[in-house]
Amino acid sequence: MIQEWLKKIELANSLGSLEDVRVEILGKKGVLTAQFTKMKDIPNTQKKAFAQNFNEQKAKVSEAIENKKTVLMALALEEHLKLEKIDVTKFNMQPQNGAFHPVIDTLDKITTYFQNLNFSVEEGPLVEDDFHNFEALNLPKYHPARDMQDTFYCKDGAVLRTHTSPVQIRTMMKTKPPIRMIAPGNVFRKDFDITHTPMFNQIEGLVVDKHNKISFANLKHVMVEFLHHMFGDVEVRFRPSFFPFTEPSAEVDISCIFCNGKGCRVCSHTGWLEVLGCGIVDENVFKAVNYENVSGYAFGLGIERFAMLIHKIGDLRSLFESDIRLLGQFR
Ligand code: DAH
């Protein structure tokens with residue numbers, strides 16, 4: 001009898017069938033349990049031996065079940081782990097090419113262009129003092145032109161720089177002319193709508209040389225060539241304008257790259273897109289940095305504006321949202 005049971009236990013091939021065998025032998029109505037009920041029919045003299053024999057059998061069966069259970073559990077675990085195994089080589093390991101952010105890409109393109117013309121690349125602090133951000137740029141205190149820039153003020157009269165023009169001042173104060181420099185970087189203004197974000201990037205340019213050596217014609221030539229490099233075959237026009245740090249000053253437009261100058265929504269039906277400001281450096285700026293007998297031109301432009309035009313992006317804010325679906329398009 002016991003041999004038969006042990007065989008059954010041995011043959012159980014799952015925890016479920018092992019449980020069935022256990023119930024069959026040791027359950028309430030199990031065959032071994034049934035033997036125990038015979039106890040009452042056994043003569044007293046044999047009871048002890050019977051009980052001993054019963055207990056031995058029960059112990060053997062129980063032990064066999066436990067052992068088998070351990071084995072089956074290990075097998076089940078192994079099976080489970082096999083199912084859960086992750087084959088990492090099955091994933092799409094094709095390298096996904098990254099891309100430069102359109103702003104960085106545009107910044108690089110502009111920087112490289114001017115570096116090739118022998119301009120140095122200069123930097124300045126993001127938190128500026130009044131002198132560099134305003135005063136030395138011919139924007140004295142209470143000058144109405146300060147209102148053109150929605151300034152973030154910090155403690156002790158410091159400001160978040162509202163433009164990259166202060167780097168002109170810093171560069172002139174640490175070097176002697178001649179100077180050919182650009183200064184790319186973040187600038188900050190209290191403004192937020194479809195065409196303004198509180199932080200954006202500008203590139204400032206400054207060329208200084210001996211008195212009478214730099215003319216508006218030089219400035220115009222460099223700007224026109226630069227804009228052709230960036231936008232291809234466009235018309236370029238200079239419009240008289242005002243900046244405190246340049247005199248004369250101009251705003252520069254290109255013919256609208258969306259409608260070829262015919263007039264559309266993007267150019268407000270004018271056929272022109274404003275892209276930068278520039279001019280001949282004002283004498284007062286040279287005075288502020290103790291430069292004498294020099295002449296120069298300067299220009300400033302917003303990188304995001306260039307990036308939006310080049311990549312035909314409608315909403316400036318989307319350049320700051322890091323939406324991978326947008327960025328993926330520039331690969
Ligand atoms: N700083 C000006 C701005 O933020 C841009 C600018 C205009 C810079 C004319 C210049 C310049 O150097 O000559 O709007």
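Where does Thr-151 lie? I looked it up and found Thr-151 in the loop between helix 6 (130-133) and strand 3 (159-160). Helices (H or I, at least four residues) and strands (E, at least two) are DSSP runs, numbered from the N terminus.

**Ground rules**

I note that this is a predicted model, where local features need pLDDT of at least 70, side-chain atom pairs count only at pLDDT 80 or more, and totals for chains, interfaces and linings use all residues. Residues are numbered from 1 along each chain as its sequence is written, and side-chain values use heavy atoms, with hydrogens and water left out.

Buried means under 20% relative accessible area, exposed over 50%, and partly exposed in between (1.4 Å probe, protein chains only). Not counting residues up to four places away in sequence, Thr-151 touches Phe-134, Val-159, Thr-162 and Lys-190; contact means heavy atoms within 4.5 Å. Gly-157 is also in the loop between helix 6 and strand 3, and at 45% relative accessibility I log Gly-157 as partly exposed.

Next I traced an open sheet of 7 strands, with the order 1-4-5-9-8-7-6 and mixed pairing. Strand 1 (120-121) and strand 6 (236-243) are at the edges with a single partner strand each, so one side of each has no neighbour in the sheet. Two strands pair if DSSP finds at least two bridges between them.

How many bridges join strand 4 to strand 5? I read 10 bridges between strand 4 (residues 179-188) and strand 5 (residues 199-210), which run antiparallel. Here Val-187 has Phe-200 in strand 5 as its bridge partner. Helix 7 (residues 166-174) packs on the sheet and touches strand 4, strand 5 and strand 9 (294-302). The direction of helix 7 makes about 140 degrees with that of strand 4; axes are lines fitted to C-alpha atoms, for helices over the stretch in contact, and angles run from 0 to 180 degrees between N-to-C directions.

At the other end of the order, strand 6 and strand 7 form a hairpin with 2 residues between them. The two run antiparallel, joined by 7 bridges, and Phe-238 stands opposite Val-252 in strand 7. Strand 7 (residues 246-255) is mostly covered, with 8 of its 10 residues buried. I then followed strand 7 to strand 8 (residues 272-281): 8 bridges join this antiparallel pair, and Asp-253 has Glu-274 in strand 8 as its bridge partner.

**Entry: two helices**

I looked at helix 5 (residues 102-116) and helix 10 (residues 303-311), which pack at an angle of about 105 degrees with their axes 9 Å apart. That makes helix 5 roughly perpendicular to helix 10 (angles under 35 degrees count as roughly parallel, over 145 as roughly antiparallel, 65 to 115 as roughly perpendicular and the rest as oblique). Among the residues that meet are Leu-107 and Ile-110 in helix 5, and Phe-306 and Ile-310 in helix 10.

**Entry: domains and distances**

The domain assignment gives domain 1 (2-90) and domain 2 (102-330); such bounds come from an automatic or database domain assignment. I find 86 Å between the centres of domain 1 and domain 2, taken over C-alpha atoms.

Is Lys-90 buried or exposed? Lys-90 is exposed, at 69% relative accessible area, and is found in the loop between helix 4 (44-84) and helix 5.
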